[in-house]
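The following exercises are to be worked with the sequence and the model at hand. Each task is followed by a solution in steps.

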Amino acid sequence: MVQSYQSPVRVYKYPFELVMEAYVRRFPKCDMIPIMAGTDIISQTTSKDGALIKVSRRCKLHVEAPYLLKKIMGVEYIYFVQTNVLDQRNRTLTIEAYNESFSSRVGIIENCRYTVHPENSDWTCFEQTATLDIKSFFGFESTVEKIAMKQYSQNISKGKEIIEYFIEELRKDGITHLPRWEEPSQKTVPEICITKDSKKLENESDSSSEEMEGRDRTSSTPSTGSRELQLGASATNLPIIDKINLHEGDAFMTDRTYIKWCLGNLVPEEVDNSRTDRDNNKLDADYIKRCLGDLTPLQESRLIQLKKWVAELQKGKVPSDSCLLRFLRARDFNIEKAREMLSHSLIWRKRNQIDKMMSEYQAPQVVKDYFPGGWHHQDKEGRPLYLLRLGQMDVKGLVKSVGEEGLLKHTLHICEEGLRLTEEATVSQGCPVTTWTLLVDLEGLNMRHLWRPGIRTLLKIIEIVEANYPETMSCVLIIRAPRVFPILWTLVSTFIDDNTRSKFLFYGGNDYQGSGGLIDYMPKENIPDFLGGDCKSVVHEGGLVPKSMYQPGEDVDGTRQHIPLSDQSIYHSVSLARSQVHEVVLLIEEPGSVICWDFDVMKNDVSFSVLRTKVPITHRPETQSPTGAMGVIDAVMGSDDQHRSAIEKTWREGHEYFRVEPQLICHDGESIQYHERTGHEGCGMDHQPVYHEGESIQGSHVTSHMGTYILQWRYYESSQHTSPLDIIDSITAPKSKIMYYYETLKSADYRGSMTSLQSCQSGFSSLSSNTNKSATSSCPSR
């Protein structure tokens, strides 16, 4: 596989002629480059007017490789041929180099170029490309590739120090300025061609190189010498100073002003980047350091390669550099994987018109009033901080009010807002800020939040955000988690990328304001009031969404227009007339499994029970439907097979079947008493829990036996009717209606990671290392 490298545009804040003089002082040998054993001039040619100078050198490099590999190679040195073309008229130096040793097995080609800065004629730009192609190398191809890339990266970084050193040497010698080359006025310089015989090269190289070096140093005109190319040594950069001058006559700029100039009027996702060559999609090294952060040379190269590929694909505006960098980091700077991930994301944005949607987005009133999340100052590193009071969120109410798509839109809006705020933080603080922090308060989290349709929506949103907004969060701080949290974490964590999962930090104790808690991650003065701090928070407290703001039940899953989360409804709907019953029969094969249910009573009164049979029901016997007049009566009275109970009329409660949860009653107009318990068989209550019409009921039961469990809904009548007129009343009376959802969790999935909840008592720690241990932890009593 061919490895390629593309450097950013590195800017020297010195004139071209002075940089060339510093460059040529590295020859014939530089102590700061231990790998370089020496250089010999092969040929040198000067044009008639003296403007164009071409120099070819053979560079001898030490072999830095493991002992065994050196023995197999059988050489102590490897040779490169480098050709430099200095154009003094146009003030450019072009360098081409290739390996002479092992050229049939390994191909290394490097091209470098020094030019005058397009916006400041007293500055010099440098850029470099290189390719490495290992065809075969005694079976050590992979090892040689790793060694070469590592050495190459180190030498690129070393080049910065070398130029800095020789610039300082020039200052000590009193050389701070050199005149530019001028056209000859009268006499022309004869064309000069110097060629050294290869047989005499070894004996004459040292003296000729010293003469050339001495002549270059004493010349009053720019040096005509050419620099030596050792693998990577050509990548150089001057030290970045605190204040820079963009144009002649401009005021000096601080880091903060520089970043403002770099970013200009950029939008988070689609920009024409400043400090770039817009035609060739080049990046300034100073811009990378100040606006994107410290990157290794190879990381810089990957960024430039990805940027070039996107520019060729898009043929217009391209994602911002920070956006490209996020996709590269998400794929560990693997250019092919990052390209694939970015391509899918760009298609997703275009297909769903995300940019247009976000520019027009206005949060619905129910979201403004009941979504318990918002931006809140910054963390200790200056990153934007988002507060989410998840324990106070009515997930079901929000989904039923704005739909899954509405909740997704709001989440995408938060992500886009986070990108904008990180860019503003970069400008205001004068240093790169590329991520934001999420603080999640779980106080109030209970079984209501384990509403499986809500979790399903959450998982789909996580999947979309992970794929299209990677590496946007620095960490997720989780505090005040109740014992039900491991269930939620077990369900959600498997859908989160490993790298993102490692950013989840959980505080297991209640003294989160002390050492090891929030003050380690955010300034004390920014701790919100609802967490015991002094800072007033504007984040809404959440609460239950009024039923009046719900969409009609039939439209709960019909609101997806642009960004579909699923293709079908996960709810079942059933109507019950008088005396009718609807049952879900479940076969439990493992004690400790958890039955979860969620249902809405849409009309009239319904009773709900959870039952267990003594003998497992393997099949329900078929019954013969009555005919004639009795068939009509059975139909209106609810005796049809669809609404027939699996509990035989001859069975007795406590003998053939057991009530494992108290019966729940939904009365029209009654107050809300939320049901959340894990019952045991035979447990009783002094009163029946009652529910308001239209109220949501969620619950769960931890099974203690294998066998058949039954979820049962009945049309509820507060009094018995026995007169013949009841038949007529049954025909005209409205039916009850419910929408329900149920699921069975395996015991191992339910247990969660309780050990991590109980062991992290003194500070934040990662949950990712404990996620896979949940299956072996004991199920705690609830």
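**Exercise 1. Helix H13**

Task: determine which residues of H13 are buried, and which elements those residues pack against.

Solution. Step 1: Arg452, Pro453, Gly454, Ile455, Thr457, Leu459, Ile461, Ile462, Ile464, Val465 and Asn468 are the buried residues of H13. Buried means under 20% relative accessible area, exposed over 50%, and partly exposed in between (1.4 Å probe, protein chains only). Helices (H or I, at least four residues) and strands (E, at least two) are DSSP runs, numbered from the N terminus.

Step 1: the partners of these buried residues are helix H8 (321-330), helix H9 (335-351), H12, H14 and strand S27 (736-745). Contact here means heavy atoms within 4.5 Å.

Step 2: The 17 residues of H13 should span 24 Å at 1.5 Å a residue, and the end C-alpha atoms are 24 Å apart, which agrees. The expected span is 1.5 Å times one less than the number of residues.

Two conventions apply throughout. This is a predicted model, in which local features need pLDDT of at least 70 and side-chain atom pairs count only at pLDDT 80 or more, while totals for chains, interfaces and linings use all residues. Residues are numbered from 1 along each chain as its sequence is written, and side-chain values use heavy atoms, with hydrogens and water left out.

**Exercise 2. The packing of H12 and H13**

Task: describe how H12 packs with H13, giving the angle and the distance between their axes.

Solution. Step 1: H12 (residues 395-429) and H13 (residues 452-468) pack at an angle of about 10 degrees, and their axes are 11 Å apart. Axes are lines fitted to C-alpha atoms, for helices over the stretch in contact, and angles run from 0 to 180 degrees between N-to-C directions.

Step 1: the two helices H12 and H13 are therefore roughly parallel to each other. Angles under 35 degrees count as roughly parallel, over 145 as roughly antiparallel, 65 to 115 as roughly perpendicular and the rest as oblique.

Step 2: H12 contributes Val395, Glu404, Leu407, Leu408, Thr411, Leu412 and Cys415 to the contact, and H13 contributes Gly454, Thr457, Ile461, Ile464 and Val465.

Step 3: sorted by class, the contact of H12 with H13 has eight nonpolar, three polar and one charged residues. Ala, Val, Leu, Ile, Met, Phe, Trp, Tyr, Cys and Pro count as nonpolar, Asp, Glu, Lys and Arg as charged, and the others, Gly among them, as polar.

**Exercise 3. Salt bridges**

Task: state how many salt bridges a search of the whole structure finds, and where Glu443 and Arg480 lie.

Solution. Step 1: the search of the whole structure finds 25 salt bridges. A salt bridge is a side-chain nitrogen of Lys or Arg within 4 Å of a carboxyl oxygen of Asp or Glu.

Step 1: Glu443 pairs with Arg480, the closest N and O atoms being 3.2 Å apart. Glu443 lies in the loop between strand S16 (436-441) and H13, and Arg480 in the loop between strand S17 (473-479) and helix H14 (485-493), so the pair ties together parts that are 37 residues apart in sequence. Glu443 is partly exposed at 37% relative accessible area, whereas Arg480 is buried at 17%.

Step 2: Glu360 and Lys356 form a salt bridge of 3.0 Å, N to O. Both residues lie in helix H10 (residues 354-360), four residues apart, about one turn of the helix. Glu360 is exposed at 51% relative accessibility, and Lys356 is partly exposed at 46%.

Step 3: Asp355 forms a salt bridge with Arg349, with closest N and O atoms 2.6 Å apart. Asp355 is partly exposed at 36%, while Arg349 is buried at 8%.

**Exercise 4. Backbone geometry**

Task: identify which residues a cis peptide bond joins, and where Glu471 lies.

Solution. Step 1: most residues other than glycine have a negative phi, and most peptide bonds are trans.

Step 1: the cis peptide bond joins Phe27 and Pro28, with omega about 0 degrees. Pro28 is in the loop between helix H1 (16-24) and strand S3 (36-46).

Step 2: Glu471 has a positive phi, near 55 degrees. Glu471 lies in the loop between H13 and S17 and is buried, with a relative accessible area of 16%.
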